[in-house]
Amino acid sequence: MSHTFHLKNAKILIVGGAGFVGSNLCHHILSQHDPKEIWIVDNLLSSDISNVPINERVHFVFGSITEDKILHEIPENLDAVFHLACYHGNQSSITDPLADHDNNTLTTLKLFERLKDFKNIKKVVYAAAGCAVAEKTFDDAKATSEDAPVSLFHDSPYSISKLVGEMYGNYFWMRYGLPFVKARFQNVYGPREILGAGRWRGTAHTVWRNVVPTFIWKSLQGEALPLDNAGNASRDFIFVEDMARGLVACAEKGQPGEAYNLASGVETAIGDLARMINELTGNATPVALRPARDWDRSGKRFGSTEKSRDKLGFEATVSIMEGLRKTVEWTKLNQETIQRTIANHDLMMRQLERVSGCTK
């Protein structure tokens, strides 16, 4: 039985559609796939309303997908759902595991429970986490395949909740036939990732959330880029435009019940990433070497691209240097927005630093 369909003229729901990846996906679908309409549900916890495209086919609903009112507001004749909402990311989940549960695990369960009775859905694509299945190693990394064994020991509640989301999706697929497809994310970067977007989530990582936007912003300010564990860790960086194409491929060609890595397949050391960004921005300030993060045992990793290439026809096409160049240019053009969102949290961070200093 073929599970291929096309997003043209489709009615689509993107949960988390105001976020970094979700908004890029929305813009991509509008420009490349001519959908009938797109519904976005987002509580703007870690996103900014400026990311949402102004288009008559886009319907924005403010709030959490856990709210019963919102769950019953979304149309039942949806063709495709992309579930991208999450409590971003590891550090914030360690600080507040209950908030992670509410915004990662509960969102997924309540959404799938609602969708199980929708008769028209062709695909439900879930943003799974490649880091949750990758081997924890600081030795030479091997490409993580989709059938890699999953440990029961994890570094963060975020990693746990993303795996629980996969398990719930598998259950609803097996029990109710929900056409559930797992898109295993690697480290996504690119335009529309706004540092500090959303509400305060208890730590400085509300602002300094991912390595690429953090490095680019600090480099543009002439600051030293902080290298945890001397920059020896490595990641698989995939440009957000490639990620949007990969998510569409999962929706149009993915087999329900299956997982697909959305990855570049290229391992990039964080020290090399810092050098590339400093080169692009002209930042001559030496890097700042720091000890390894005490919670993080995932030193080196990258994803296998074989299955996605063979089954979905998907390959990342944007090189790390090209993607970084585009992201630097976008950051320069959007400095005012980024300064605004960072400033929203500066006072809170200073107060926390004073309290921390007083209690030592």
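I began with helix 4 and listed its buried residues (under 20% relative accessible area, with exposed over 50% and partly exposed in between, 1.4 Å probe, protein chains only): A99, D100, N103, N104, T105, T107, T108, L111, F112, R114 and L115. I note that this is a predicted model, in which local features need pLDDT of at least 70 and side-chain atom pairs count only at pLDDT 80 or more, while totals for chains, interfaces and linings use all residues. Residues are numbered from 1 along each chain as its sequence is written, and side-chain values use heavy atoms, with hydrogens and water left out.

Next I turned to the aromatic rings, where Phe, Tyr and Trp (its six-membered ring) pair if their centres lie within 6.5 Å, with planes under 30 degrees apart stacked, over 60 edge-to-face and the rest tilted; the count is 9 aromatic pairs. One of them joins Y171 and F172 edge-to-face, at 5.1 Å centre to centre and 80° between the planes; Y171 is partly exposed at 38% relative accessibility, whereas F172 is buried at 2%.

I also recorded one aromatic cluster, formed by F112, Y126, Y171, F172, Y176 and F180. For Y176, I found the charged end of R175 over the ring, 5.3 Å from its centre (the cut-offs are NZ of Lys or CZ of Arg within 6 Å of the ring centre and within 35 degrees of the ring normal), and K116 over the face of Y176 at 5.5 Å from the ring centre.

Conventions: Helices (H or I, at least four residues) and strands (E, at least two) are DSSP runs, numbered from the N terminus.
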